[in-house]
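Subject: Structure for your files

Hello,

Here is the structure I said I would pass on.

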Amino acid sequence: MPTVSDVMSPYVISTAPSDSVDAARENLVTNGVNCLPVLENKHLMGVVSAWDLNKTVGGDAPVREVMTTKVEKIGPDDTTSEAARRMVDAFVHHLVVIDEKGEVLGVLSSFDLLPELAGLD
């Protein structure tokens, strides 16, 4: 069975809690992603999704005011089946991939899982 590291996006595109909502929104659009880990000094503080940003009126507001602090995480060696189960159980579309030290390695989206789960790989 494939692991999370086999299908995840290996690039950490993130934002800071002090970044503005407009800056985070631009980061999403520029990089073609729907979720950003919120990092402060490499420490995971939360996540912010396109949904979080789109429901926010004030673009000058800091990300910390709209981010989700309860972050669903998974390890790189966990199976894609376990990742899908966690997404369903938590009702989320993204999991932050962390190593045993808690360092953010990337983000796994439900779109990353679809080809494997549909048998298209």
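This is a predicted model: local features need pLDDT of at least 70, side-chain atom pairs count only at pLDDT 80 or more; totals for chains, interfaces and linings use all residues.

Residues are numbered from 1 along each chain as its sequence is written, and side-chain values use heavy atoms, with hydrogens and water left out.

Confidence. pLDDT is the predictor's confidence in each residue, from 0 to 100. The protein has a mean pLDDT of 90, and 94% of its residues reach 70 or more. Helices (H or I, at least four residues) and strands (E, at least two) are DSSP runs, numbered from the N terminus.

The sheet. Three strands make up an open sheet of mixed pairing, in the order β3-β4-β5. β3 and β5 are at the edges with a single partner strand each, so one side of each has no neighbour in the sheet. Two strands count as paired if DSSP finds at least two bridges between them; β4 (residues 94-98) and β5 (residues 104-109) are antiparallel over five bridges. Val104 is the bridge partner of Ile98, and Leu95 stands opposite Leu108. The two strands form a hairpin with five residues between them, and in the turn Gly102 has a positive phi of about 90°. Five of the six residues of β5 are buried, where buried means under 20% relative accessible area, exposed over 50% and partly exposed in between (1.4 Å probe, protein chains only).

Helix α2. In this helix (residues 21-31), Val21, Ala24, Asn27 and Leu28 are buried. The buried residues of α2 line one face, because they fall within an arc of 120° seen down the helix axis; the arc is that of the directions from the axis to the C-beta atoms. Val29 and Thr30, on the other side of α2, are exposed. The cover over the buried residues includes β1 (35-40), β2 (43-49) and α3 (50-54), contact being heavy atoms within 4.5 Å. Just after α2, Gly32 has a positive phi of about 65°.

Thr80. This residue lies in helix α4 (residues 80-90) and is buried, at a relative accessible area of 0%. Leaving aside residues up to four places away in sequence, Thr80 touches Met1, Pro2, Thr3, Val4, Val7, Leu113 and Glu116.

Regards
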